[in-house]
Amino acid sequence: MFRQVANRLLTRSTTTYSAPAAATIRRPYSTEVATDAAAGDSDFVEAWKKVVPNIDPPKTPIQYMKPRPPTPSTLPSKLTVNFVLPYASELSQTEVDMVIVPATTGQMGILPGHVPTIAELKPGLLSVHEGNDVKKYFISSGFAFVHSNSYADILAVEAVPLDRIDPAQVQKGLSEFTQKLSSASTELDKAEAQIGVDVHSALNSALTG
């Protein structure tokens, strides 16, 4: 079966586009694609009913999506943020002044009108600024998607409000992982200890900074 699939993929015809023709081809942005939440994914529903006609098809992601507004002609005064975790939604369609995320390239501030960006996140401090109110979270990793219409989607694997972190436990963990790193005898032990040191160092910096 796998050979048949591989053969079909390898024997597919390819079309070569000239540079001028390729330059004129542009796929629409997600903000330009209208979604019909009521209809859902009709192709999926039709295929499902052919296979399992006695069971209602599950809902697909498109049924939960809301069309994003187009890119405004003038610079908006607020940044709309969605901050989600695998198990919870911390912020949903929340308008703020600025968000600072711990990107792998360094701390990155996101303001209204920011250029479209995808940034990988590392363990560190994420802060949400709205007037004089600043909410701080420590996140483990994830991605930040900044859109041209002043929307930012922040997806983190884990996050906890900074005021819920015990500084004493952070110092204890940093000391333990530092000792493990110095006494590690295998590459696996060294890698695990180094991750522990990096995370607890980032926690300590977030608390003391």
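Select helix α4 (residues 167–183) and helix α5 (residues 187–208) of this predicted model: their axes lie 8 Å apart and the two helices pack at an angle of about 150 degrees. Axes here are lines fitted to C-alpha atoms, for helices over the stretch in contact, and angles run from 0 to 180 degrees between N-to-C directions. Helices (H or I, at least four residues) and strands (E, at least two) are DSSP runs, numbered from the N terminus. α4 and α5 are therefore roughly antiparallel to each other, a term for angles over 145 degrees. The crossing of α4 past α5 is left-handed, that is, the near helix is turned anticlockwise from the far one by less than a right angle.

Next, display the side chains of the contact (heavy atoms within 4.5 Å). From α4 it includes P167, V170, L174, F177 and L181, and from α5 it includes A193, V197, H200, L203 and L207. The residues of this contact divide into nine nonpolar, eight polar and three charged. Ala, Val, Leu, Ile, Met, Phe, Trp, Tyr, Cys and Pro count as nonpolar, Asp, Glu, Lys and Arg as charged, and the others, Gly among them, as polar.

Residues are numbered from 1 along each chain as its sequence is written. As the model is predicted, local features need pLDDT of at least 70 and side-chain atom pairs count only at pLDDT 80 or more, whereas totals for chains, interfaces and linings use all residues; side-chain values use heavy atoms, with hydrogens and water left out.

Now show the whole protein chain, which has five helices and 10 strands. Of its 209 residues, 27% count as buried, where buried means under 20% relative accessible area, exposed over 50% and partly exposed in between (1.4 Å probe, protein chains only). Among contacts between residues at least 6 apart in sequence, 49% join residues at least 24 apart.

Which residues have the most contacts inside the largest nonpolar core? Select V81, F83, V99, V101, L126, I139 and I154; the core has 23 residues. A nonpolar core is a set of buried Ala, Val, Leu, Ile, Met, Phe, Trp, Tyr and Cys residues joined through side-chain atoms within 4.5 Å. Centre the view on I154: its contacts beyond four places in sequence include V81, F83, V99, V101, L121, L126 and F143.

Move to L121, in strand β5 (residues 117–121). L121 counts as buried because its relative accessibility is 3%. Beyond four places in sequence, L121 touches residues including V101, P102, I139, F143, I154 and L155. The C-alpha atoms of L121 and Q107, 14 residues apart along the chain, are separated by 9.4 Å.

Finish at T80, in strand β1 (residues 79–84). T80 is buried, with a relative accessible area of 8%. Among the residues that T80 touches beyond four places in sequence are Q93 and S150. Select Q93 in strand β2 (residues 89–96): although not a glycine, Q93 has a positive phi of about 50 degrees. S150, in the loop between β8 (142–146) and β9 (151–156), is another residue other than glycine with a positive phi, near 65 degrees. Are these two residues buried or partly exposed? Q93 counts as partly exposed at 43% relative accessibility, whereas S150 counts as buried at 3%.

Technical notes:
Parallel < 35°, antiparallel > 145°, perpendicular 65-115°, else oblique.
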